[in-house]
Structure formats: C-alpha cells, structure tokens
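This briefing gathers computed features of one protein chain, grouped by topic. Please read the points below alongside the sequence and the coordinates.

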Amino acid sequence: MGLFDRFARRSGKGRGAKEGSTEQYLAAWTVARIGVEAYVEPKTTVTPVTVVLVANDGEWTRRAVDERNLRKLGPNLKIPVYDVRKTRYPQRMRDYDARQRILKRRAEGK
C-alpha cells in the first residue's frame with residue numbers, strides 16, 4: 001500500500017450502492033408516513049444538495065442526494081417537491097421540533 005493509495009479514486013461500484021441505499025431509505029421513509037413532501041436544499045460550500053422530507057405531523061429527515069437523480073425524486077416517490085429557497089420550510093416542521101424538545105425536557109425531569 002502506497003502513501004497516497006487511501007486518496008485514490010475508488011471504483012463506481014461502492015458509490016452506486018450508497019446512492020441506492022439513500023434512495024431506498026427515502027422511499028421507505030415516505031411509505032411509512034402520511035402526507036410527505038420534499039424540500040430541496042441548494043448546494044453550499046459545506047454541504048452537497050440535500051432533500052428534506054417532511055411528514056404531515058412535522059417529522060422530518062434530511063439526506064444528501066445526487067443532483068442527476070433529483071428530477072426523478074418526486075415521480076419516483078409520488079410526492080410533491082419544492083425548492084426551499086422559494087417556499088421556505090413548513091411551520092409544522094418547526095412545531096414538531098418544539099414538541100420534541102418539550103418531550104425531551106419532560107423525560108429528563110426538568
């Protein structure tokens with residue numbers, strides 16, 4: 001093993017598996033919840049393009065997605081897709097986070 005072997009490009013095989021697992025996760029998350037909508041977050045200097053799935057009750061999850069597969073996301077998952085820069089995050093997402101903080105404090109006994 002050479003000094004720079006760890007930085008060498010890997011074959012596309014492992015990369016495809018990772019993308020497949022993200023797609024599978026998003027599909028499973030969508031099927032398990034009601035009223036899911038997708039909010040696409042733009043690429044920044046720190047993070048890649050990400051998608052936030054928000055359920056009807058405000059529960060949410062965030063995952064990095066491949067820009068090439070982004071157009072297929074809505075039709076594949078059968079959910080609406082919004083640009084977060086235009087629509088902003090839904091209020092129910094913030095309400096869900098607030099409820100979770102309250103439940104966490106109660107569980108801690110504060």
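Glu41 counts as buried, because its relative accessibility is 9% and the cut-off for that class is under 20%. This residue lies in strand 1, which covers residues 37–41, and its side chain is joined to that of Arg62 by a polar contact of 2.9 Å. The model is a predicted one, and the values below are computed from it.

**Surroundings of Glu41**

- When neighbours within four places in sequence are left aside, the residues in contact with Glu41 are Val49, Thr50, Val52, Arg62, Val84 and Tyr89.

**Overall architecture**

- The protein chain contains 4 helices and 4 strands, and these elements follow one another from the N terminus in the order α-β-β-β-α-β-α-α.
- Of the 110 residues in the protein chain, 26% count as buried, and the accessible surface comes to about 8,500 Å², with 53% of that area belonging to carbon and sulfur atoms.
- Among contacts in the protein chain with a separation of 6 or more, 57% are accounted for by residues 24 or more positions apart.

**Salt bridges**

- The structure holds 5 salt bridges, including those described in the following points.
- In the salt bridge between Arg33 and Glu59, the closest N and O atoms are 3.1 Å apart; this pair links distant parts of the chain, with Arg33 in the loop between helix 1 (12–31) and strand 1, Glu59 in the loop between strand 2 (50–54) and strand 3 (60–64), and 26 residues of separation.
- Both members of that pair are partly exposed, since Arg33 has a relative accessible area of 26% and Glu59 has a relative accessibility of 22%.
- Glu37 and Arg92 form a salt bridge in which the closest N and O atoms are 2.7 Å apart; this pair also links distant parts of the chain, joining Glu37 in strand 1 to Arg92 in helix 4, 55 residues apart.
- Glu37 counts as buried because its relative accessibility is 17%, whereas Arg92, at 22%, counts as partly exposed.
- Arg85 forms a salt bridge with Asp83, and here the closest N and O atoms are 3.3 Å apart.
- Arg85 is classed as exposed because its relative accessible area is 54%, while Asp83, with a relative accessible area of 24%, is partly exposed.

**Helix 4**

- Helix 4 spans residues 91–108, has 18 residues, and reaches 26 Å from its first C-alpha to its last, which is close to the 26 Å expected at 1.5 Å a residue.
- The residue that follows helix 4 is Gly109, whose phi is positive, near 85°.
- Helix 4 also holds Arg92, the residue that forms a salt bridge with Glu37.

Methods
Residues are numbered from 1 along each chain as its sequence is written. This is a predicted model: local features need pLDDT of at least 70, side-chain atom pairs count only at pLDDT 80 or more; totals for chains, interfaces and linings use all residues. Side-chain values use heavy atoms; hydrogens and water are left out. Helices (H or I, at least four residues) and strands (E, at least two) are DSSP runs, numbered from the N terminus. Buried means under 20% relative accessible area, exposed over 50%, partly exposed in between (1.4 Å probe, protein chains only). Contact means heavy atoms within 4.5 Å. Accessible areas come from the Shrake-Rupley method with a 1.4 Å probe; for residues, only the protein chains shown count as cover. The expected span of a helix is 1.5 Å times one less than its number of residues. A polar contact is a pair of N or O atoms within 3.5 Å; within protein, one must be able to donate a hydrogen and the other to accept it, and residues adjacent in sequence count only if both atoms are side-chain atoms. A salt bridge is a side-chain nitrogen of Lys or Arg within 4 Å of a carboxyl oxygen of Asp or Glu.
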